[in-house]
Amino acid sequence: MIFRKIHSGSCRAWLSRVSLRQELCFFSSVPPQPVPPLAQTLQGYLRALEPLLPPEELSHTRRMVHDFGRPGGLGPQLQEGLEKRARLNKNWISDWWVQRAYLESRQPLPVHSNAAISLPRRDFNDWRSQLVFASRLIAAVLDFKAKINTGQLPVEFMRGKPLCKELYPLLFSSCRIPGPKHDYIAHYGRSRRSPTHITVVRNYQFFQLEVYNSDGSRMTESQIHGQLLRIRSQSWKTDKEPMGILTSEHRHTWGEAYNRLLRDKLNQESVRMIETGLFSLCLDSPVMRISDEKYASRKAAQVLHGGGTFSNSGNRWFDKTLQFVVGEDGSWGLLYEQATAEGPPVATLLDHVIEYCEKPDPKRAPLLPLPMPKKLYFHIDREIKRDIEHAKQNLDILINDLDVNVFNFKKFGKNLPKQHQMSPNSFIQVALQLAYYRVHSEVCPACDIATQRMFRGGRTEYIRSPTKQGLQFILAFDNPSVSREAKQELFREAVDAYSALTEAALNGHGIDRHLLGLKLQAIEEGTSIPKIFMDTAYGLATHFKLRTGQMPANNTDSVMCFGPLVPDGYAVCYNPQADHIHFSITAFNCCEDTNAERLARTLRDTMCHLQEMLQPTV
């Protein structure tokens, strides 16, 4: 067996190649996601509130939680309903979670929902090399898809347990469709005649590119390259009307424009081709380079939102599940829509792409005449033109409001926490809380992501901070009267407490999805919303001012990036390597309290101070 180690959420996983029969066995052996015990979740909820609430408010909430959970109360009744739902459904919470967290959200997809991964710059700076690399990238993704289709994709293991793989086929030929009250996901890869094309976007113009030959074989890199050259020759000028900008709108606004757009048959056909395509390839113009320090931030922002309506934002269809971005300047990355895609499967895909791109192309192109890539045309009337103008204005406002700060912390990496028998992820999470406290003189609710794919149909769970132990350490750290040894001990307790929460979440015993399930079960049963969810403490606890995420791949200098969950918050992503850590921090400029650059500077200092505490120089 060949083993390969990857990050999955906050943990490592082991991959091994197995036969298809074994693979199906492992898939069927993935257990259902448990409904955690009610008393355990309520105790965990109160523990999470301890560092955030003053004593009198905590006492009030404690009484409310006790009433909710007492025998014969509303809590046990709803718990029983959830346990019944778990028996009758593949997964008791995933559909509810996707609906609530993504499809019912009316905020624009860029910044607020879609996640971006910016990969290390390729060594080229011209359009010819851009197309050569893009051809290889397409071939690599098609190779990955073939492994899914033939059952050759390695089974992923986490701590000896196989992970659910149902998300993989859904990554391709899927798209989010706007609706008036909520969106829905369309999966076209399940149809009898699966799509065989991708969408290529250049200078705001969309092209349908067939990537399979008439005999069903995948096109070779040289065939794809020839077709990309043809697309370039058909898209010299930038289109006056960037249709893709419409997908960046508030979901209700885009839903109305979508219905207007589809009244026309030509538009219907073009939109359908984009939605059904396996994935999209965005051929971007270069990112404006100011300095090496700022370039990493601009590169990440470029993948996340396209840089604005005068840059590459018109090269996106933000509803599409997978959009690969390749810039003329060697920048590249992936933008993905999170209702269908999430970190670990996307990271596995990118690992495969990077590995494939390092190998030479062994296949020779068959001498077959290929059909011209089909340009997708739109009929734009006065109403659609007005919709595009409004969308351009709103997207530029959103982009100008987002501050993106990407930096590489080079003093140490994950080896330092490991030397002290600490989890690198827990180490960084405690450091983030300390840095936030140093900037804002308070701790705040923060969420990290734990995968739930060791369960059938599982998606994600939150790992919450700060903990009570974390707060004790934070209050002691800058206090000169506390000895270094005492600080070390408090730090270790804080890191261990976070690791324990991580362990619980990975075993299906987190608190957030369970609390959400209880609330939605009450709505399902037609009872009034329980008082604990109307309590100000619940509002505070779910106002996550720190949205965090670890890049779930451990072998490249990649940077993940997304926007904050709340207007007065931050999003912090990190990718710990052996001797350095990549960070990206985003915040909204319209909030006077938050500043991405200030938090980045404080985080750098905090990491250095923690190193000095653990390894004092003589």
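V111 is buried, because its relative accessibility is 0% and buried means under 20% relative accessible area, exposed over 50% and partly exposed in between (1.4 Å probe, protein chains only). This is a predicted model, in which local features need pLDDT of at least 70 and side-chain atom pairs count only at pLDDT 80 or more, while totals for chains, interfaces and linings use all residues. Residues are numbered from 1 along each chain as its sequence is written, and side-chain values use heavy atoms, with hydrogens and water left out.

Most residues other than glycine have a negative phi, and most peptide bonds are trans.

The peptide bond from S465 to P466 is cis, with omega near 5°. P466 lies in the loop between β16 (460-465) and α16 (468-477).

The chain has 21 helices and 20 strands; helices (H or I, at least four residues) and strands (E, at least two) are DSSP runs, numbered from the N terminus. Of its 618 residues, 60% are buried. The C-alpha atoms fill a box of roughly 75 × 65 × 55 Å along the principal axes.

On the surface, E80, E83, E524 and E525 form a patch of negative charge. Helices α4 (74-88) and α18 (512-525) each give two or more residues to this patch. Patch residues have over 30% relative accessible area and no salt bridge, with like charges joined within 9 Å; a salt bridge is a side-chain nitrogen of Lys or Arg within 4 Å of a carboxyl oxygen of Asp or Glu. E83, in helix α4, is partly exposed at 33% relative accessibility.

Notes: Patch = residues over 30% accessible without salt bridge, like charges linked within 9 Å, V, L, I, M, F, W, Y side chains within 5 Å. Areas by Shrake-Rupley, 256 points an atom, 1.4 Å probe, with all protein chains shown as cover. Lys, Arg positive; Asp, Glu negative; His and termini not counted. Charge placed at Lys NZ, Arg CZ, Asp CG, Glu CD.
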